[in-house]
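Take a look at the fold first, then at the side chains. The text below walks through both.

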Amino acid sequence: MGDFANRVFGVVRRIPRGKVATYGQVGRLIGAPRAARYVGYALHANPEPGTDPGCTPCHRVVFKDGRMATGFAFGGPDEQRKMLAAEGVAFDDEGRVLMDQHQWDGRPENGDDDAPMGPPADFDWEAELAERPRA
């Protein structure tokens with residue numbers, strides 16, 4: 001896998017059981033705030049899905065409104081929901097994750113300070129988020 005995918009996998013491996021992150025959140029945490037779609041592409045090619053140690057628990061990544069990906073690569077949204085429910089994640093009546101209760105705050109669970117939990121210190125958020133004129 002390439003550097004981008006490896007950074008995505010590194011962040012996703014740190015999402016604790018019972019928590020979820022959004023595609024955009026993972027992108028921001030690796031310093032690529034406008035790359036949510038590419039985070040999804042990387043996770044679609046996840047070579048080690050699952051919950052065992054060393055695996056990349058891509059089922060813990062959802063859309064920002066708590067919906068699960070309809071094309072979940074490892075069994076579809078029903079399988080993703082089943083995996084999340086087994087970890088204690090709760091859902092609303094429409095089947096979306098209750099984000100206010102289960103969204104990961106991005107901090108390492110074990111206090112691992114060398115984890116890549118944000119963009120570089122010199123990252124220019126203003127330039128990155130500035131409105132760009134349409135061509």
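What follows goes from the overall layout to single contacts.

This is a predicted model. The protein chain has 6 helices and 2 strands. Read along the sequence, their order is α-β-α-α-β-α-α-α. Of the 135 residues in the chain, 39% are buried. The accessible surface comes to about 8100 Å², and carbon and sulfur atoms supply 48% of that surface. Consider next the contacts in the chain with a separation of 6 or more: residues 24 or more positions apart account for 62% of them.

Start with helix H1, which spans residues 3–12. Its buried residues are Ala5, Val8, Phe9, Gly10, Val11 and Val12. What covers them? The cover over the buried residues of H1 includes H2, H3 and E2.

Move on to strand E1, residues 21–22, where Ala21 lies. Is Ala21 buried or exposed? Its relative accessibility is 0%, so Ala21 counts as buried. Leaving aside residues up to four places away in sequence, Ala21 touches Ile15, Val26, Arg60, Val61, Val62 and Trp104. The C-alpha atoms of Ala21 and Met99 are 8.8 Å apart, while 78 residues separate the two along the chain.

Now the aromatic rings. The count comes to 2 aromatic pairs. One is Tyr23 with Phe63: the ring centres are 5.4 Å apart and the planes meet at 50°, so this pair is tilted. The pair links distant parts of the chain. Tyr23 sits in helix H2 (residues 23–29), and Phe63 sits in the loop between strand E2 (61–62) and helix H4 (76–86), 40 residues apart. The two partners differ in cover. Tyr23 is buried, because its relative accessible area is 13% and the cut-off for buried is under 20%. Phe63, at 30% relative accessibility, counts as partly exposed.

The rings of Tyr38 and Tyr41 also pair, with centres 5.5 Å apart. Their planes stand at 75°, so this pair is edge-to-face. Where do Tyr38 and Tyr41 lie? Both are in helix H3 (residues 36–44), 3 residues apart, which is about one turn of the helix. Tyr41 is partly exposed, at 49% relative accessibility.

Phe63 has a charged neighbour as well. The charged end of Arg67 sits over the ring of Phe63, 4.8 Å from its centre. The side chain of Arg67 also meets that of Asp65 in a salt bridge, 2.8 Å from N to O. Elsewhere, the charged end of Arg81 sits over the ring of Phe91, 4.2 Å from its centre.

How many salt bridges does the structure hold? There are 9 salt bridges. Besides Arg67 with Asp65, they include Asp92 with Arg96, at 2.9 Å from N to O. Asp92 is partly exposed, with a relative accessible area of 22%. Arg96 counts as partly exposed too, at 25%. Arg107 forms another salt bridge, this time with Asp105, and their closest N and O atoms are 2.6 Å apart. Here the two partners fall into separate classes. Arg107 is exposed, because its relative accessible area is 57% and the cut-off for exposed is over 50%. Asp105, at 48%, is partly exposed.

Some salt bridges join up. Arg17, Arg60 and Glu87 are linked in a network of salt bridges.

Asn46 lies in the loop between H3 and E2. Is Asn46 buried or exposed? At 5% relative accessibility, Asn46 counts as buried. What does its side chain reach? The side chain of Asn46 reaches the backbone nitrogen of Glu48, at 2.8 Å.

Notes
Residues are numbered from 1 along each chain as its sequence is written. This is a predicted model: local features need pLDDT of at least 70, side-chain atom pairs count only at pLDDT 80 or more; totals for chains, interfaces and linings use all residues. Side-chain values use heavy atoms; hydrogens and water are left out. A salt bridge is a side-chain nitrogen of Lys or Arg within 4 Å of a carboxyl oxygen of Asp or Glu. Buried means under 20% relative accessible area, exposed over 50%, partly exposed in between (1.4 Å probe, protein chains only). Rings of Phe, Tyr and Trp (its six-membered ring) pair if their centres lie within 6.5 Å; planes under 30 degrees apart count as stacked, over 60 as edge-to-face and the rest as tilted. Helices (H or I, at least four residues) and strands (E, at least two) are DSSP runs, numbered from the N terminus. A charge sits over a ring if NZ of Lys or CZ of Arg is within 6 Å of the ring centre and within 35 degrees of the ring normal. A polar contact is a pair of N or O atoms within 3.5 Å; within protein, one must be able to donate a hydrogen and the other to accept it, and residues adjacent in sequence count only if both atoms are side-chain atoms. Contact means heavy atoms within 4.5 Å. Accessible areas come from the Shrake-Rupley method with a 1.4 Å probe; for residues, only the protein chains shown count as cover.
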